[in-house]
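Hi,

Here is the structure I promised to hand over. My notes follow below it.

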Amino acid sequence: MDYSLLDFLTLLGAVGMFLYGMKVMSEGLQKIAGDRMRSILSTMTRNRFAGVLTGILITALIQSSSASTVMV
């Protein structure tokens with residue numbers, strides 16, 4: 001396949017938009033939940049097993065492991 005500079009710039013723009021969307025979603029969640037969400041996550045991740053289950057649940061709800069990683 002032959003890729004052009006336009007293809008590269010399109011890919012770069014798409015990644016930038018994805019990261020911006022994750023930032024906006026993360027800030028929105030922090031404004032809505034704030035300290036309450038932090039304390040709930042702290043409680044739910046006290047041991048490794050509970051942490052893994054919490055991670056699976058959050059990723060399933062958000063539908064993106066990348067979004068979960070960016071928010072953490």
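**What was found**

Phe8 is partly exposed, at 48% relative accessibility (buried means under 20% relative accessible area, exposed over 50%, partly exposed in between; 1.4 Å probe, protein chains only).

Some ground rules. This is a predicted model: local features need pLDDT of at least 70, side-chain atom pairs count only at pLDDT 80 or more, and totals for chains, interfaces and linings use all residues. Residues are numbered from 1 along each chain as its sequence is written, and side-chain values use heavy atoms, leaving out hydrogens and water.

Back to Phe8. With Leu5, Leu9 and Leu12, Phe8 forms a nonpolar surface patch. Together they have about 430 Å² of accessible area (Shrake-Rupley method, 1.4 Å probe; for residues, only the protein chains shown count as cover). Patch residues have over 30% relative accessible area and no salt bridge; like charges are joined within 9 Å, nonpolar side chains (Val, Leu, Ile, Met, Phe, Trp, Tyr) within 5 Å.

Phe8 lies in helix α1, residues 5–33 (helices are DSSP runs of H or I, at least four residues, numbered from the N terminus). α1 has 29 residues and reaches 42 Å from first C-alpha to last, close to the 42 Å expected at 1.5 Å a residue (1.5 Å times one less than the number of residues). Gly34 follows α1, with a positive phi near 60 degrees.

The whole structure holds one salt bridge (a side-chain nitrogen of Lys or Arg within 4 Å of a carboxyl oxygen of Asp or Glu). Glu27 pairs with Lys23, closest N and O atoms 3.0 Å apart. Glu27 and Lys23 sit four residues apart in α1, so about one helical turn separates them. Glu27 is partly exposed at 37% relative accessible area; Lys23 is partly exposed at 45%.

Best wishes

Notes: Helix = DSSP H or I, 4+ residues; strand = E, 2+ residues; numbered from the N terminus.
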